[in-house]
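Here's a quick tour of a protein model, one topic at a time.

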Amino acid sequence: MLKVTDLQAGYGGSVVLHSLSLQVGEGESVVVLGPNGHGKTTLLRAISGLIRPTSGVVEFDGQVISNQRASDVVAAGLIHIPQGDLPFPELTVMENLLMGAYRPEAWRERKRKLEQVFELFPVLAERPNQLARSLSGGERRMLALGRGLMSKAKLLMIDEPSLGLAPFLIEDVYQTIRNIRKTGLSILLVDENADHIEGLADRVYLLESGTLVKEGSVEVMLQDEALLAAYLG
Amino acid sequence: MEKLFQAIYGGILYGSIYGLMAIGLTLVWGALRMLNLAHGSLYVVGGYVAWTALNEWALPALPSFALGVIAAALVGLLIQVLLINRLLGRPSFFNAAMIATVGAAIVIESAMLLIYGPRVKQMAPVIPGHFKTLGVVIQYQGLVIIVAAAISLVLLSLFLRKSRYGLAIQAVSQQMDAARLMGIPTVLTFTIVMAISAGLAGLAGVLLSSVFYLAPTAGFNPMVKALVVTIFGGLGSVKGTIWAAYVIGLLEAFLQVYFGAGWALPGLFLFMMIMLIIRPTGLFGMGEVQRL
């Protein structure tokens, strides 16, 4: 479904990712693990079109998207839930969610989508008229996920869902992502450690210094504690 | 007592005009983080086109005004498509775009000078005449301006809060990366913002050309006042700008009535300086965010 081949990307003159290749199959859930500063966020930004790759090819659903604008990538059904949530601070929870359904094909179904999202995130259903800037960290994370689900997503890319959250909230967030996965959506998640990916990932990649160094099924990878320790510390 | 009513009426009238002018500046700032110094020349375009339709083509008032607004919106659209969209994403976009808009203003004002000549023009008021109440002389045209401005500002607020495109404009202003990740086409949104902003400047020009004289550079003063209003209200904040427009309008009118017309402008700028020292981001400002 998603196929990345020899991707190279960076900012200004500096190269962050080089010759990176990965695949996510239909309905598959893939996790990329890597330490901070090794290119996880850059990888997602290059796929979603926020930055333009300097070389390499990204294919999604059979079409090449590496030369397309971010809005076209969204239209194709590839949705990126960014690091730090990036809510629209002066819009309400409801308005934030509606913006997730901005594309015409999603906008037509926004009422039905809203019901689904509110069912998945009761915490959002309780405060539709609250401004996003006054939400707590956990609520913001739920809003970011909910906003992503308002689209006609086929594949959800999630950037470090535990970042900056209080420990007691983190398991909640991963449980929600497991629930999202059960709906049949493909998932590409990047994370700093392997603590929460059991029951979530089918396959795991290890990222180091801008390239993928190891790949395997989640069972095999999680058993190899020495390997994980060496890469993730 | 008469002075008080005079000041209140004058303040609301000024506030309406400043609101129309300033809201466009603030929308453009919010979406693009760009200072549009061609805003005053769009005012002039609206005024001249409405004047032409009314006096040369002998059209009725309403269609003439509509033509003025549409013409200004189209010129704004052209500025965006021909100049600003090409500068997006360049380093030092802010400076480049600001200088580009100064260039556009010079071109537009020179074109008006070539077409209409240096002699000032004045439009007949929509409803001539006046009445006197509470010791204040109220021109019907003044009421037309107040009502038209209020209707436009309410419609604009509804558009921004309720419609898909309006929400998208706010989304782009508040969190550009997230807006792109929602699939909002940013360049299209910028272009819509610019056209709306220009149309509002055009409307101000249309309405005011029956109060003040119309000349190629007549938009400069309203633009400077609108700049004071936007800075006071907080750059990028629609709510803050509407509040600020009426506060500044009332302040100006009170200064004029109680201290004399000569105090109005220095008083305003003094007020703005104090305001900026106490609250640098204005009433509801979004502050300085670098992102283009």
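**A hairpin, a sheet and a contact**

Strands E4 and E5 (residues 63-64) of chain A pair antiparallel over 2 bridges. Strands here are DSSP runs of E with at least two residues, helices are runs of H or I with at least four, and both are numbered from the N terminus; two strands pair if DSSP finds at least two bridges between them. This is a predicted model, where local features need pLDDT of at least 70, side-chain atom pairs count only at pLDDT 80 or more, and totals for chains, interfaces and linings use all residues. Residues are numbered from 1 along each chain as its sequence is written, while chains are lettered from A and ligands numbered from 1 in the order in which they are written.

**Around the hairpin**
- Phe60(A) sits opposite Gln63(A) in E5(A).
- The hairpin of E4(A) and E5(A) has 2 residues between its strands, and Asp61(A) has a positive phi near 55°.
- E4(A) (residues 55-60) also pairs with E1(A) (residues 2-11), antiparallel over 5 bridges.
- Lys3(A) has Glu59(A) in E4(A) as its bridge partner.

**The open sheet**
- Six strands of chain A line up as E6-E7-E8-E3-E9-E10, with mixed pairing.
- E6 (78-81) and E10 (211-217) of chain A are the edges, each pairing on one side only.
- E3(A) (residues 29-33) and E8(A) (residues 186-191) run parallel, joined by 5 bridges.
- Val32(A) has Val190(A) in E8(A) as its bridge partner.

**Where the chains touch**
- Chain A gives 21 residues to the contact and chain B gives 15 (in contact means C-beta atoms, placed from the backbone, within 7 Å).
- Helices H2 (70-76) and H3 (93-100) of chain A each give two or more residues to chain A's side.

Note on methods
Contact = placed C-beta atoms within 7 Å.
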